[in-house]
Amino acid sequence: MRQLLKFSLVILPLLLLAPSVALPAPGKDSCIACHAELEGKQSEPAKKFDTDVHHQAGLSCSDCHGGDPGDESMNAMSRARGFRGAPTKLQTPEFCARCHSDIAYMHRFNPKMRADQLSQYLTSVHGKRLKQGDTKVAACVDCHSVHDILPASDTRSPVHPTNVTSTCGRCHADAAHMKGYNIPTDQVEKYRKSVHAELLASGDTSAPTCSTCHGNHGATPPGVSSVANICGTCHVFFAQLFEKSPHQAVFAKMGLPGCVQCHSNHEIVKPSDDWVGTGSSAVCTGCHSAGDKGYVAAQKMAGDLAKVKTFLGRAEEILGTAERSGMEVSSPKVELTTAHEALIKARVNVHSFNDVEVQKQTDQGVEISQKAYQAGVAALAERDVRRKGLGVSLIFIVLAISGLYWKIRQIESGSQM
Amino acid sequence: MKALIRPILNWLDERFGTGSVEEFLRHKTVPIHRHTVWYYFGGMTLFLFIVQVLTGILLLLYYRPTPEDAYESVQYIVTQVRFGWLIRSVHSWSANLMVLTAFIHMFSVYFLKAYRKPRELTWISGMFLLFVVMGFGFSGYLLPWNTLAFFATKVGTEMAGAVPFAGKWMLTFLRGGEEVTGATLTRFFGFHVAVLPGLATVLLAMHLLLVQQLGMSVPPSVERATAEGRQPPRVMPFFPNFLLRDIIGWYAALGVLGALAAIFPWELGAKADPFAAAPAGIRPEWYFLFMFQTLKLLPAKILFLEGELAGLAGFSLAGAVWVAVPFLDYRAGFGRVTRFFTGLGIFALGFIVVMSALALR
């Protein structure tokens with residue numbers, strides 16, 4: 001009897017505790033535990049989720065998908081436990097927006113976080129088409145990935161500035177995917193030849209990518225009237241000059257897209273002075289023809305730019321020669337940088353399409369270049385004077401040495417050493 | 001002409017007793033042999049030193065030793081002051097030629113064993129003069145306050161900081177603080193125009209006095225040949241024969257200096273920016289290159305010593321041995337030539353040439 005009592009006291013409590021031992025330990029997520037054991041696509045979320053920004057922020061599967069991560073049975077995924085399952089493509093924006101549109105909730109993780117992604121998305125071409133039932137368009141996960149979402153600042157993220165072009169290009173450069181939308185598919189290829197891509201490749205992550213001009217969540221092609229505004233967000237002076245220029249009203253009237261008209265849109269290459277004027281590379285002749293006012297102004301601006309460059313080159317060459325001759329010409333060289341600045345300002349002023357404004361700068365550049373050139377001429381003249389002086393001095397020195405030599409011969413001719 | 005000078009000399013003799021100097025000069029002679037040519041390098045070094053003093057005084061009229069003004073004042077000298085470019089270039093080229101002729105003079109004295117008894121003090125004063133000349137070069141290099149000079153001084157003074165125990169104090173003493181700043185410039189200016197000229201004057205006076213007192217040394221081989229009757233003793237009067245030859249050399253040096261200044265004016269470079277990164281290829285003046293290259297090639301650790309420290313210790317020891325050569329090679333005083341010291345000289349010369357060439361590659 002005593003043995004039975006001992007058995008009851010020791011074994012029975014253990015038997016009672018047994019089920020609780022089999023349950024997941026506190027904090028253990030049954031979603032991860034079970035999905036990690038599954039095969040193929042079913043196991044992917046569990047395997048990828050470790051690096052996900054949501055997981056890093058302490059969220060679990062159930063925060064998006066609902067259900068009960070504490071229950072290791074299939075009941076965990078029952079509607080009764082709040083399980084929402086995986087959203088369809090059409091449901092995705094709202095699915096993510098449950099949290100991302102809740103500013104109070106989002107600020108718990110990052111006080112600077114925006115919560116207008118959904119409202120922006122709904123204004124985008126992507127959002128509008130999705131609402132119409134087009135599931136080929138991009139929704140949240142198409143750009144941000146899913147279950148391994150990284151912050152945009154992470155260089156591995158598909159929306160990091162260095163990866164944006166490839167991410168957009170996955171659809172926009174795929175002719176088969178874009179069939180039926182009636183838009184070109186060479187944007188990525190063209191962008192990669194642009195000065196913007198070159199800047200980005202050099203490590204400048206502030207260089208514009210697709211989303212800088214088109215927006216990200218509210219992605220939309222800029223309208224003809226707003227192109228100058230978009231370029232002007234970075235190229236402020238150019239946009240201001242264009243706004244005040246005679247081109248602004250004419251372009252608007254003719255339905256021409258501002259900056260893009262001369263600089264192209266995606267393949268924006270480094271501009272050259274040859275674009276201004278009436279030569280074979282000039283963009284002005286696309287609209288202006290011989291005799292019209294714009295044609296004359298273009299010729300004048302090209303001539304002024306060429307003039308200041310000629311004077312600058314001449315001054316640089318002569319100062320270089322003087323410097324290589326050992327002359328101290330650092331002051332005129334410093335002054336010449338002002339002429340360079342005047343040339344840069346003149347190039348900027350071209351966007352006013354006002355030849356008088358351009359000439360103000362080029363005249364200044366020419367004047368400074370001429371002064372620097374004169375300083376170079378003076379330095380070379382000084383060099384020649386020095387060399388002539390040296391020649392004369394050497395003649396006197398040779399004469400003195402000859403005289404001394406003669407004197408020694410004279411002294412020593414009579415004596416025996 | 002003589003009729004005009006004689007009354008003046010007599011007038012001076014009555015007041016200063018210069019007749020004895022005249023008498024000394026009349027009897028002073030210089031030996032003639034196949035090594036006589038080396039005698040001229042001492043006089044040449046003295047001539048270049050005088051050029052340094054004169055051009056240095058002229059530069060002082062415009063130079064301002066502050067970080068704000070130093071570069072600009074040198075720029076002003078070479079661009080605005082009449083013949084300023086000539087004075088500055090001659091000063092810089094003459095400094096380099098003076099170091100070169102001083103080295104030639106030192107090695108010729110070494111190989112001809114002119115340091116032997118009784119000229120030990122002539123050698124020692126000459127060696128200290130050489131150190132002073134190198135000090136002039138090191139301190140003067142910083143004065144234009146350009147980028148190269150600034151960083152070379154930084155590296156150069158860092159070496160002093162590597163010396164155990166006194167290193168930190170030496171570094172602070174040289175720089176006038178932890179870093180190369182305006183305080184360093186003022187300090188180097190002080191060394192360059194006051195301390196070193198003072199030392200040089202005393203040493204030079206001693207050196208020249210000893211040379212006059214003891215006369216020119218005749219190499220042992222010539223002495224032997226004369227003693228054995230193989231070569232008759234030949235001399236020439238110092239005044240005017242040797243002096244006129246000296247003057248020919250000085251005129252030639254003046255021509256070379258003028259040509260260098262006119263064809264290759266000494267560069268000024270860019271103004272020093274203490275906050276900028278050190279430009280590539282920083283190296284000291286050519287006469288410090290052999291030390292610079294040696295320290296660069298040394299391993300990080302030599303036995304228990306740091307490589308750089310071992311190098312500095314080695315150079316200090318070598319310098320001390322070099323100064324003490326007249327006492328170490330005392331046998332030379334008895335006319336016996338020790339091959340070891342001749343070999344040591346060839347090794348030292350070869351080492352300096354090879355290391356400098358390696359650094360210039």
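Predicted model: local features only at pLDDT ≥ 70, side-chain atom pairs only at ≥ 80, totals over all residues.
Residues are numbered from 1 along each chain as its sequence is written, with chains lettered from A and ligands numbered from 1 in the order in which they are written.

Where they meet, eight residues of domain 1 of chain A are in contact with six of domain 2 of chain A (C-beta atoms, placed from the backbone, within 7 Å). On the domain 1 side, α17 (236-244) and α18 (246-254) of chain A each give at least two residues, and α17(A) has the largest share with five.

Zoom out, and chain A has 22 helices and zero strands (DSSP runs, numbered from the N terminus: H or I of at least four residues for helices, E of at least two for strands). Its C-alpha atoms fill a box of roughly 150 × 85 × 40 Å along the principal axes.

Now for the partner: 24 residues of chain B are in contact with 20 residues of chain A. On chain B's side, α4 (70-79), β2 (235-237) and α11 (238-263) of chain B are the elements giving two or more residues. The largest share, 13 residues, comes from α11(B).

Key
Contact = placed C-beta atoms within 7 Å.
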